[in-house]
Amino acid sequence: MLFKKVLLLIMLIWMSICIAGCYDSMDINSQSLITAVALERENDEYVFYVELPNLMGETGQDGSGGGKQQYKVVRGSGKTLTQARQDLNYKNDKPLFLGTVRVLILTQNVAEHGIEEYMHRMQNDNQYRKAVNVITTRVNPQDLLSATPENNVSVGFSIEDTLNTLENAGQKVAHTSSDILENLASKTCFVLPTFDLENAKISCTGYTIIHRGKYHGFIPEDESKGLVWLLGDDAKWTYVIPYKDYEVTVEARLISRAIKPAYSNEKLTLDLDFTFDTRIMYLSKDVGMNDFVQEQVNQELQNVVLGDITDTIKKSKQLGCEYLGFKDFFRISYPDKIRHIDWLQTYLDSSINITVKSKIKPGGLANFKTYGLQPEES
Amino acid sequence: MQSSNLRYEKILNRINNKSMDVSERKLSFKSGTISILFIKQITDRAALSDLVVKPLMQHSTDTQIKAADAIDRIVYVDNCMLETDDTKIESCLLDGYTILLFSSDAAYVVLDIKKVEKRAIPEPETMYTIRGPKDAFIEDLDTNLSLVRSRLRNESLRVDQMEVGQRTKTPIAVLYFEDVANNTCVNEIKKRIGDIDIDGLSSSGELQTFLLNRKINLFPQMGITERADMTCGALLEGKVVVIMDGSCWALIAPKVFSEYLWASDDFYLNKFFGTFLRILRVIALNLSFIVSSLYVAVISFHQDVLPSSYVISIAQSRSQVPFNPLIEVILIELIAELIRESLIRVPTKIGTAIGIVGAIIIGQAAVAAGVFSPLLLIVVSLSLISSFVPADYTIIDPFRVLKFFLIIATGTFGFLGFTLVILIILANLVSLNTFGVPYMAPATPFNFKDFIKSVVYSKRMAPKRPAYLRTKDKFRAKPNIKNKSNR
């Protein structure tokens, strides 16, 4: 009996040693924690830029780590991704830990060359979290990572926070690495947010279109409202609607988005239905508001939103790339057809019907519609 | 007459030769001599003078006084016996009885006027309660029994008196409700007490080791309590209580794992608050056991489970720590155990000073010197504070020891080692039983009603006694069939 117990104990310990073991152990402070990785392509070489917090830096006297954090940027280059990574390893005294990466920055050069290789490399790297935000940039990554964010945190955290804030506000479409891998696997076009430097400050400047794993075009931020209406969750934008000699500021929030593909006679028709909640926020003149004016503004807003969406779809057709997510809806409705058709050509030949409905919601100035009532408008 | 006299002299010589520290008061009359034998340290000497010596002298006449006459007409002591067996005299004296030996009579009188110094009924020191009664047991068995009997006025309460120890002859009382407690459990306990073959026992802790069914066992299988109300509560549940003279702790059996997390206040307070406290104690027990190991696992092996910003913050705080997390945690846990142990063993005033010094050394100086990371201090403090939360401290003791095994296993094998040790402990726990009752009941074997009652309890919600105790009387409140049918 005792022999069996001892044997069991020895087996447990032996299995533990075989499966895990002390060699897995790596103290948290014995590693170089990376907060942002940027990949550039210069002179036919891959160049990695990584942002590292200076752990031994300005900590408090009591070792509490409450002092100002400082970050440094390390560069590594090589003909291949492996060589570039090796070069990076040579320049770091501690092993690199990718579990703390908040953002992966791909430059336009890399995007033009193709992002698939690195994304697949990332997929197989167990250290990477699969929910790392991926963005593109058109500036030198060294400059981007060296910029000091407003709140003095790392660039990686700053970009992630900006993306999260904008996404939560319904004004941004962001993708994590796992989304991108999924899109690459299904050969679907997609967009990546682009962050550049404007007056030495990091700023979101638009979207980079990735088609077949490569750069395909750029959508500036001021032309991206329609994109967010089509792709964003809980999208919300504020519009300024001119009315007579003043302007009405209106907030529109997406309530529902229905995309119904109909395919017959090798012809695709997409019916897009958008429903919004609208809230009148401000008037540029203190002239008051009534039902008539509200309805007028609402009608105008519908036209503006319709224009944004139509422009976005037009641009997508002009660029010859479907990055608006229609393919998924088509695949769900016609799982057999998608295998046999040229989706891109079908999309480019398709006709699209867009319906926009909006409803003034109580709140904002709508609650005070009798204030300053103008008789000629009632 | 002559033979009685001769026998009397022989007995006195025999006792004097044994150097038993026996005092003798001799009263001589014309008709004969009466010797009063007693051990003065355990005899109420005021009572001896007033109730024995004085009346004997007042009744001194020329006529002979027989032992039976002394009991019937002379001494005022309420508890006295007439004995004739000379061999019992020594044991009676050692038990604290006073002996009246008559030169003119073959019989002698045994008087119960013993008095052992004892303290007043104290407040419970270890099992403090907010709303519960404030009387606790002392080292005197009779006083302890009086505290229980005064609460349980029921004829089926049995108090079986036993004696343990060849030399100490320590009285032990086994208490149970005859019509409630499980017979097997009662008989087993009485059998185990009867089987104890030792020269002496000085505390209930020693007695407990003889009553357990395994010699090597970390986990407590008998509850202890210093509170009379908890003792009564256990008896009403259908348990058996063992109270030993010379110990202020009563032993309760059987006691399952979940009951160690109950406090008497759970029953006295609002049931929702009581439930909250029980859940809190479960969390505290887990925290005290695993939090240090989790720290080691996360810092050494599995940094990915932490949010990135926190990883950086921890790495910064550990940047100057010279030890790896395993050594760091073991060191600080040892220091915490040292402080805890020293605080228990020293007087309260010195204990406060030790607490302050310990806090300053560990909390301030060690962090400033870069010996430990600030997060680890929080972790170990949390572990230490949590260990004080469970109501019965005996359940924490095994976890205090096992914690070090868990830390070492986690530091060596990461979460795998952590899981292995936890599984081994769980396997051990579910294999235990306490006087025939599965130790992890009502979770294993699972009984839904008892399980719910072990978390949410009020006497209103629990008219039935726990099924795992297998009591004779299943109901605390008799089921009201009439009311049920009206519902």
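Tutor: A crossing of two helices is left-handed if the near helix is turned anticlockwise from the far one by less than a right angle. The model here is predicted, and in it the crossing of helix 12 and helix 13 of chain B is left-handed.

Student: Which residues of helix 12 and helix 13 of chain B make the contact?

Tutor: Helix 12 of chain B contributes B:Ile332, B:Ile335, B:Ile339, B:Ser342 and B:Leu343. From helix 13 of chain B come B:Gly351, B:Ile354, B:Gly355, B:Gly358 and B:Ile362.

Student: Why are helix 12 and helix 13 of chain B called roughly antiparallel?

Tutor: Helix 12 (residues 325-345) and helix 13 (residues 348-368) of chain B pack at about 165 degrees, and their axes are 9 Å apart. Angles over 145 degrees count as roughly antiparallel. The two helices are therefore roughly antiparallel to each other.

Student: What makes B:Tyr128 partly exposed?

Tutor: A residue is buried with 20 or more other C-beta atoms within 10 Å of its own, and exposed with 12 or fewer. B:Tyr128 has 15 such neighbours, so B:Tyr128 counts as partly exposed. B:Tyr128 sits in the loop between strand 5 (108-111) and helix 5 (141-149) of chain B.

Student: How do you know what span helix 6 of chain B should have?

Tutor: The expected span is 1.5 Å times one less than the number of residues. For the 13 residues of helix 6 (residues 183-195) of chain B this gives 18 Å, and the end C-alpha atoms are 18 Å apart, which agrees.

Student: Why are the buried residues of helix 6 of chain B said to line one face?

Tutor: The buried residues are B:Cys185, B:Val186 and B:Ile189. Seen down the axis of helix 6 of chain B, they fall within an arc of 100 degrees, so they line one face of the helix. An α-helix has 3.6 residues a turn, so residues three or four places apart point the same way. On the other side of helix 6 of chain B, the exposed residues include B:Asn187 and B:Lys191.

Student: What do the buried residues of helix 6 of chain B pack against?

Tutor: They pack against strand 7 (170-177), helix 7 (204-211), strand 9 (240-244) and strand 10 (250-253) of chain B.

Student: What puts the buried residues of helix 7 of chain A on the same side?

Tutor: In helix 7 (residues 177-185) of chain A, A:Ser177, A:Ile180 and A:Asn183 are buried. They cover an arc of only 120 degrees around the axis, which puts them on the same side of helix 7 of chain A. Among the elements covering them are strand 6 (103-107) and helix 4 (116-123) of chain A.

Definitions and conventions
Residues are numbered from 1 along each chain as its sequence is written. Chains are lettered from A and ligands numbered from 1 in the order in which they are written. This is a predicted model: local features need pLDDT of at least 70, side-chain atom pairs count only at pLDDT 80 or more; totals for chains, interfaces and linings use all residues. Helices (H or I, at least four residues) and strands (E, at least two) are DSSP runs, numbered from the N terminus. The arc is that of the directions from the helix axis to the C-beta atoms. Two residues are in contact if their C-beta atoms, placed from the backbone, lie within 7 Å. Axes are lines fitted to C-alpha atoms, for helices over the stretch in contact, and angles run from 0 to 180 degrees between N-to-C directions. Angles under 35 degrees count as roughly parallel, over 145 as roughly antiparallel, 65 to 115 as roughly perpendicular and the rest as oblique.
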